[in-house]
Amino acid sequence: MMRGFFYQFKSVWKDKFCMMSFLLPIVVALALNFIGGIDLSSVSEFHFGVLERDLSAQTIVWLERYGSVTVYKSQEELTDAINEPSTYMIGVTSAGDGIQTMVSGDELDLFRQAADTLPALYRGRESAEQISITVLERPDLMAGLQNIFIVITLIVAMFMGCTFNAMNIISEKENGVELVNQILPMTQSGYVMQKIFVGFTGGCLSAVFTAGCYFRIPVKYVFLMLVLILLSSFIAALIGLFIGKFSESLMVGVVYIKIIMIVFMAVPLVSYLAAAEGLISVFCYFVPSSASFEGIMNLTIGDGAVVTKDMFILMAHCIIWFLLYLSISKWQIKKK
């Protein structure tokens, strides 16, 4: 049995497609971790452009309370800076006792509304100074999105077991190894266990490395995370057996893998973003990745109690998919 596992792993190791699938989620997790360390607060900062010797020093100091101020020597330079597509520059010039603003028109609504409000805010600046202001901590713009991205990346990592098994079985079909396997003194259950073990191990390792590159969850939730990874990887390995069994060529197998991967990513993501409830959410659980996605998201927010439901759903999927594969395999043997 151990020699069989060794040969299976050796076959997978030589497959560049499988190795790329194994490493890709880890690379993405490292990239997300790097992005998380970048301060993106400057993206939403206001940038004002003014003309030299146009506004008073008090007005410029007032503008600097809301953003950065850049001084230009001529109207042409200011106009070019405002029209620059890569910036959201708001031009500010004097207008009698007040100010007027200029924008290019391609800004986000946030900056366009700020430009419209700024002259009125300037007129009421004296009365506004008497108002007590509480500055709230600016929320992390990427925090919520990063959690979603990393959970989807984890699902892709756990899905790698499906890719391992499918590509391995299809390669054996095309190389004639399948015919050799049929005459070897190996039972059907032994063959299935070898294939499941290879995909399961690959998916688990990929998911564990991916989670280790980014996730910083409390120690008390590490075991729950590990259980979710084990169950999800086992299901992915089983689905890989189905793809390998029903794919007659490499291209057909790749198409099946891509379709299933899209379904595994899209269903839980759309369900989460749309806040699906009731019967719709129940139907979403027919896709195993929905329970995985929900469980991992709950762990990221520190809600470990809800994960138990997701574990039972994944266990049910494991049993159903495993029994279904054995039934189909026995039916095909009897048919021959």
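Helix α11 passes helix α13 in a right-handed crossing, a crossing being right-handed if the near helix is turned clockwise from the far one by less than a right angle, and left-handed if anticlockwise. The model is predicted, with local features requiring pLDDT of at least 70 and side-chain atom pairs counted only at pLDDT 80 or more, whereas totals for chains, interfaces and linings use all residues. Residues are numbered from 1 along each chain as its sequence is written, and side-chain values use heavy atoms, without hydrogens and water.

Helices (H or I, at least four residues) and strands (E, at least two) are DSSP runs numbered from the N terminus. Helix α11 spans residues 250-273 and helix α13 residues 288-300; their axes lie 8 Å apart at an angle of about 50 degrees. Axes are lines fitted to C-alpha atoms, for helices over the stretch in contact, with angles from 0 to 180 degrees between N-to-C directions. The angle makes α11 oblique to α13, the oblique class being what remains after roughly parallel (under 35 degrees), roughly antiparallel (over 145) and roughly perpendicular (65 to 115). Phe264, Val267, Pro268, Leu269 and Tyr272 of α11 make the contact with Pro288, Ser289, Ser290, Phe293 and Met297 of α13, where contact means heavy atoms within 4.5 Å. Eight of these residues are nonpolar, two are polar and none is charged. In this classification Ala, Val, Leu, Ile, Met, Phe, Trp, Tyr, Cys and Pro are nonpolar, Asp, Glu, Lys and Arg are charged, and the others, Gly among them, are polar.

Helix α3 (residues 57-64) and helix α5 (residues 109-123) cross at roughly 125 degrees, and their axes come within 12 Å. This pair is likewise oblique, and its crossing is right-handed. Thr59, Trp62 and Leu63 of α3 meet Leu118, Leu121 and Tyr122 of α5. The contact of α3 with α5 comprises five nonpolar residues, one polar residue and no charged residues.

The whole structure holds 11 aromatic pairs. Rings of Phe, Tyr and Trp (its six-membered ring) pair if their centres lie within 6.5 Å, and the planes count as stacked under 30 degrees apart, edge-to-face over 60 and tilted otherwise. Phenylalanine 200 and phenylalanine 234 form an edge-to-face pair, with 6.3 Å between centres and 75 degrees between planes. Phenylalanine 200 belongs to helix α9 (residues 188-214) and phenylalanine 234 to helix α10 (residues 222-246), so the pair ties together parts 34 residues apart in sequence. Phenylalanine 200 is partly exposed at 22% relative accessible area, as is phenylalanine 234 at 24%; buried means under 20%, exposed over 50% and partly exposed in between (1.4 Å probe, protein chains only).

The rings of phenylalanine 242 and tyrosine 325 are also edge-to-face, with centres 5.3 Å apart and planes at 80 degrees. This pair links phenylalanine 242 in helix α10 with tyrosine 325 in helix α14, 83 residues apart. Phenylalanine 242 is buried at 10% relative accessibility, and tyrosine 325 is buried at 3%. Elsewhere, ring pairs link Phe46, Phe48, Tyr88 and Phe111 into a cluster.

Histidine 317 lies in helix α14 (residues 307-335) and is buried, with 11% relative accessibility. Apart from neighbours within four places in sequence, histidine 317 contacts Ile235, Tyr285, Phe286, Val287 and Pro288. Arginine 53, in the loop between β1 (46-51) and α3, is exposed at 76% relative accessibility. Although not a glycine, arginine 53 has a positive phi of about 60 degrees.
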